[in-house]
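Student: I would like to go through the pockets of this model and ask, at each step, what the wording rests on.

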Amino acid sequence: MTVAAILPSRNEPSTIAAVTAAVDTALTDTALTDTVLTGCPGGAVVVHADSSDAPDTAARFAATGTRAAKVPLTGLPRGKGAQILAAAHHLDTHPSGRDVAAVVIADTDTRNPDPGVYRALLDRVAGGAALAIADYPRFWDEANLTNHLARPLIAAATGIDVPQPLAGDLAISRAALAAVRRAARALPPELGACVDGYGIDAFLLLRAAACGPVATVRIDTPKQHAGSFPHLPDIYHQAVPVLLHLTAATTPRLPQQQPPARYRAADRDIEPGRLRSMLSTLEHLSEGLDGYDESAWPLPVADAWHDVTSGTPAPDAARRLWPHCTRHVRDWLTSGQHATTSTRADQLAAAHARLHNAVLTSAGARR
Ligand SMILES: Nc1nc2c(ncn2[C@@H]2O[C@H](COP(=O)(O)OP(=O)(O)O)[C@@H](O)[C@H]2O)c(=O)[nH]1
Ligand SMILES: [Mg+2]
């Protein structure tokens, strides 16, 4: 049996080599040979799923020496999910593919790739998890979709509290990956298009959770990668329909005697010009929002979730929620610049608990 990696990339020439090397170390490290995953590190495979606009990312991958076999898939159409699914399909046809027991999927824009993280993810799958996912602290101004929406919604609806559900660095068992691929093929077209894009992260997590335990690997250093803010609209409109669709299909469960959720919002200063530009972008994105109540968040998320449970298509509910979300992120960045680290973490934890109650009590259905 062996292990594999899938590296999706779009224009990552400066980081692909270091991520490839770190993943290769994790795949072929002798420590893993003692696990049930691999007795044959030479059988490991790294699939590069590239859709860059120039050949430099693929060239850097090709120039990186690895012990694992390398499979370059280049010139693919855009879409993180489509490429991950294509790479998973390709693994089935690779000579070592039938022996693959677990697959690491790693973002390739990571600036501080750590073989220990990828290895720990694989170890958790070797230990029986259907999926293991990195839990990085995030800078307070980042991970807005995760902290304000994805994490509390998943926890409220499924009872599974994953601190960074869209982390981008995960390991998945072969059986769970096969279930993900089957489920993706059965999606209606609009949701299928979301899963072909950034919706893949939520889809992998929530489908794998239906197959077995989800584990998190706690990391102390914040994730360092290309900022996500410029493509917040893309990520939102591809990830949130998937989140709503899959969480609405589950029956909310009260977590048993769990301590309150804790958030890690690492401190850093934002340059005033950059903050001004983010705020004006968000102002523009939330145009047309009527009757906004600053204190209501996260109840609009519960409204959207209740709407989907009552038959509203998830993409429609996501579109309705969008201006509320962008306005809330604007409020968060505006007040957060003056807040302490612990105040920010407490505010996120309080909203998490509030959403939980709103989902469970149907108090979110205010309309
Ligand atoms: N293959 C492929 N990879 C993509 C595409 N879009 C993004 N990625 C990769 O997916 C990973 C996560 O994307 P990123 O934009 O950093 O998302 P974020 O970290 O959630 O902001 C990175 O490794 C990107 O290079 C795409 O269209 N095709
Ligand atoms: Mg990124």
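**Pockets and their linings**

Tutor: In this predicted model, α6 and α14 (341-361) each supply at least two residues of the lining of the second largest pocket.

Student: What makes R151 a lining residue of the second largest pocket?

Tutor: A lining residue has an atom within 4 Å of a point of the pocket, and R151 is among the 25 residues that line this one, so R151 has such an atom. R151, D161, P260, A261 and R262 are the lining residues closest to the centre.

Student: Which element gives the most to that lining, and how many residues does it supply?

Tutor: The most comes from α14, with 6 residues. By residue class, the lining of the second largest pocket holds 12 nonpolar, 6 polar and 7 charged residues, and the volume of this pocket is about 660 Å³.

Student: How large is the space in the largest pocket, and which residues are closest to its centre?

Tutor: The largest pocket holds about 970 Å³ of space, and among its 41 lining residues D109, Y198, S228, H231 and I235 are the closest to the centre. Two or more lining residues come from each of β1 (2-9), α4 (80-93), α6 (144-158), α10 (232-248) and α11 (272-285), and α10 gives the most, with 4 residues.

Methods: Residues numbered from 1 in each chain as written. Chains lettered and ligands numbered in written order. Predicted model: local features only at pLDDT ≥ 70, side-chain atom pairs only at ≥ 80, totals over all residues. Heavy atoms only, no water. 1 Å grid on protein atoms, 1.4 Å probe; cavity = no way out; pocket = protein on both sides within 12 Å on 5 of 7 lines; lining within 4 Å. Points joined across faces, edges and corners; volume = space filled by probe spheres on them. Nonpolar A, V, L, I, M, F, W, Y, C, P; charged D, E, K, R; others polar.
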